[in-house]
Every structure is written in C-alpha cells, then in structure tokens.
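Dear colleague,

Please find below the structure that I am handing over to you. My notes on it follow directly after.

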Amino acid sequence: MEKPKISVIMPSLNVGDYMEQCLSSVLSQSLNDIEVICVDAGSTDQTLDIIKKHQVNDKRIKIIHSDKKSYGHQVNLGLKEAKGIYISIVETDDYIDENMLEDLYESSQDNTIDIVKANFYYVNDYGDKIELIKDTSKKALTPNEVFTLKEKPLFIEGHPSIWAGIYLREFLENNNINFLEVPKGGWVDNPFFYETALKAQKIIYLDKQVYYYRVTNPNSSTNDFNDNTLPMKRILDIYDILEENKIQDENIILYFYKRLFRYIEIILENNDDDLYSLDYETCCYIQRVLKKVDSNLVRCELISNFKVLYYKFMSPLLLQHFEEN
C-alpha cells in the first residue's frame with residue numbers, strides 16, 4: 001500500500017461546536033492523497049457523532065480512542081498510527097484553507113524539506129462577526145528560501161503555530177521527536193516547536209495564510225489559564241532541549257529569551273498585572289527559570305520591559321513577601 005502524502009492528526013475533546021467546520025475543511029482539501037487520524041479523548045458531546053458521520057462516506061478517516069485527556073498523548077497516538085510522508089496537526093476548534101496541504105506539500109522539494117511552514121490568521125469568532133488578524137511575527141523571513149534555524153533564528157519568533165506546517169515523518173522518527181504527555185493541553189506545542197526547529201536541516205517558510213486559529217474558544221487550553229506554572233514548566237523543557245543540543249548561538253538564545261519574558265508577561269496579565277497576587281509556587285518557578293538566564297544578555301540586549309521583569313522577579317524580596325504573609 002502506497003504511503004499517503006500527508007497524515008493529518010486531529011486530537012479532539014468535546015469540540016462539537018467546531019468539529020463539523022474543522023473536519024470538513026480537512027476532507028475538502030485540494031490535495032486528496034491524505035489520511036485523517038481523529039484521536040478522541042472521550043468526548044461526551046456530539047464530537048464523535050460528527051466524525052463517524054463523515055467516516056461512513058470517507059474511508060480516509062481513522063478513529064483512535066485515547067485513554068488520557070492529554071493533547072500530547074493524543075498526538076503521539078496519531079504519530080504511531082501515521083503512514084504519511086508528512087505529518088500535519090490540525091486542532092479541532094480551528095479550520096484550514098482548502099489549499100493548505102497542497103501548498104505545503106508542493107513546497108517540500110520532492111520530500112526533502114524537514115519542515116514546511118506557512119502563516120496563519122488569528123480568528124476572533126463572535127458568532128455573527130468574524131475578525132481575522134494576520135500574524136506578522138515572521139514577516140521578515142524570505143519566502144520559499146531553504147534555511148536552518150542558525151541561519152534564520154527569526155523562525156522561532158512569535159506563536160509556535162505548529163499546526164500551520166507539515167513535518168517530514170522520517171525526520172521526526174529519526175530524531176525521536178514526540179510530544180510531552182501531560183494533562184490537558186499543557187502548552188506542549190512549545191518544546192515540540194523548538195526541538196523540530198533546532199534539529200531540522202532544511203526549513204521553508206511560505207508567506208501565505210493557510211490556517212485559521214480560533215482564539216475565542218473559551219474551553220481551549222490557551223484560554224483555560226488555571227495553572228500559572230505551565231508556561232515556566234515548558235520554558236524549562238525548552239532549556240533542556242537547548243542544553244541537549246548544545247546550543248550556544250547568541251541569536252537563537254535571544255529569541256528564546258523574548259519568548260521566556262513574554263510568557264512571564266502573560267502570567268502577570270492573567271493575574272491583573274499584580275505581582276503580589278501570584279502564588280509562591282509560580283514565583284519559585286519563575287525564579288528557577290531566570291536563574292538560567294545570562295544576565296549580561298539581559299542587560300545589554302533585551303528591551304527595558306524585560307529587564308524590569310528580570311530584576312523584579314530576581315529580587316530576594318519577592319519570596320520574602322510570602323514569609324512575611
């Protein structure tokens with residue numbers, strides 16, 4: 001049996017409000033030679049009914065039942081099942097352009113590119129009104145140019161957007177790249193993003209919006225911000241990847257620091273920008289992360305906002321506040 005060109009992995013859990021649009025956008029792709037691996041983690045709404053309805057008429061769909069409510073575990077189950085030359089991951093509260101997979105695959109240069117990545121829209125869905133915002137974080141990258149991360153560290157700027165690309169399955173397998181398996185979403189796209197970018201020998205970026213990333217789903221892991229430590233846990237995982245790969249390139253490290261400090265900002269934003277409303281564990285995690293940071297690079301290379309964050313959180317007075325209270 002010939003390999004499909006792309007295996008599309010679709011992890012799902014109670015996304016009945018969005019599943020029809022998402023799955024339809026995948027099944028109606030201009031590239032027909034795909035397999036669609038739906039990995040459901042025990043949905044109790046109409047999600048599975050929608051998938052099964054489409055499966056009756058489209059044999060490209062395979063259904064896997066996950067015993068864990070873990071995005072990483074679900075994707076890993078899909079990776080084990082995948083037979084395609086390339087891997088695509090589509091989150092089931094989003095949707096994709098009808099030419100996305102064809103555009104990405106046609107840029108793979110006869111299956112020699114490890115990562116083919118494109119741009120995306122942020123989707124603010126207000127029911128009767130849809131607002132699309134183009135991501136601009138990688139606008140300075142030269143489209144259709146083959147590069148490595150060392151040559152173009154800007155590639156790791158902005159949202160990981162792992163779903164706006166395809167990954168050579170052989171590349172993932174040869175480098176033993178999988179997802180972390182933690183409960184729920186767990187921000188596990190971050191370490192996957194870094195590990196693939198660091199290990200890829202050939203990357204191509206397309207300046208075309210092919211993916212529609214819905215940011216207004218109240219049940220998404222991004223919006224369900226109940227654990228302030230998650231961003232810092234994933235930053236520590238990325239530190240491990242940088243150390244394992246012996247990364248000392250200053251430009252790559254600086255782009256990583258920008259992400260690190262942006263995530264500290266996000267933690268604060270989700271706590272009314274009140275430093276002292278953070279719990280002890282969160283502050284300990286942030287300090288643990290910042291102790292790994294090169295203070296000279298902070299002082300000489302980073303913007304003033306990030307410098308302020310660094311000195312605020314590294315102050316011994318921060319944890320002393322908890323002792324006093």
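Strands are DSSP runs of at least two E residues, and they are numbered from the N terminus. Under that numbering, K62 belongs to strand 3, which covers residues 61-65. Please bear in mind throughout that this is a predicted model.

**K62 and its surroundings**

The relative accessible area of K62 is 28%, and K62 is therefore partly exposed, given that this class lies between 20% and 50%. Apart from neighbours within four places in sequence, K62 is in contact with E35, V36, I37, C38, Q55, E81 and K83. With one of these residues, E35, the side chain of K62 forms a polar contact of 2.8 Å. K52 stands 10 residues from K62 along the chain, and their C-alpha atoms are 9.5 Å apart.

**Helix 2**

Helix 2 spans residues 47-57, and its buried residues are T47, L48, I50, I51 and H54. Viewed down the helix axis, these buried residues fall within an arc of 160°, so they line one face of helix 2. On the face of helix 2 turned away from the buried side are the exposed residues D49, V56 and N57. The cover over the buried residues of helix 2 includes strand 1 (6-12), helix 1 (16-27), strand 2 (34-40) and strand 3.

**The nonpolar core**

The largest nonpolar core comprises 109 residues, and those with the most contacts inside it are M10, Y211, Y257, L260, F261 and F313. Helix 8 (residues 250-269) supplies the largest share of this core, namely 13 residues. In soluble globular proteins, nonpolar side chains tend to be buried together. Beyond its neighbours within four places in sequence, M10 has contacts that include M19, C22, L23 and V26, as well as V36, I37, C38 and V39. V90 and T92 are also among the contacts of M10.

**Strand 9 and its partners**

Which strand runs parallel to strand 9, and how many bridges join the two? Strand 6 (residues 115-125) does, through 9 bridges. Within this pairing, N119 stands opposite Q209 of strand 9. Strand 5 (residues 95-96) runs antiparallel to strand 9 and is joined to it by 2 bridges. Y95 has Y212 as its bridge partner in strand 9. Of the 12 residues of strand 9 (residues 203-214), 10 are buried, so this strand is largely enclosed by the rest of the structure.

With kind regards

Note on methods
Residues are numbered from 1 along each chain as its sequence is written. This is a predicted model: local features need pLDDT of at least 70, side-chain atom pairs count only at pLDDT 80 or more; totals for chains, interfaces and linings use all residues. Side-chain values use heavy atoms; hydrogens and water are left out. Helices (H or I, at least four residues) and strands (E, at least two) are DSSP runs, numbered from the N terminus. Buried means under 20% relative accessible area, exposed over 50%, partly exposed in between (1.4 Å probe, protein chains only). Contact means heavy atoms within 4.5 Å. A polar contact is a pair of N or O atoms within 3.5 Å; within protein, one must be able to donate a hydrogen and the other to accept it, and residues adjacent in sequence count only if both atoms are side-chain atoms. The arc is that of the directions from the helix axis to the C-beta atoms. A nonpolar core is a set of buried Ala, Val, Leu, Ile, Met, Phe, Trp, Tyr and Cys residues joined through side-chain atoms within 4.5 Å. Two strands pair if DSSP finds at least two bridges between them.
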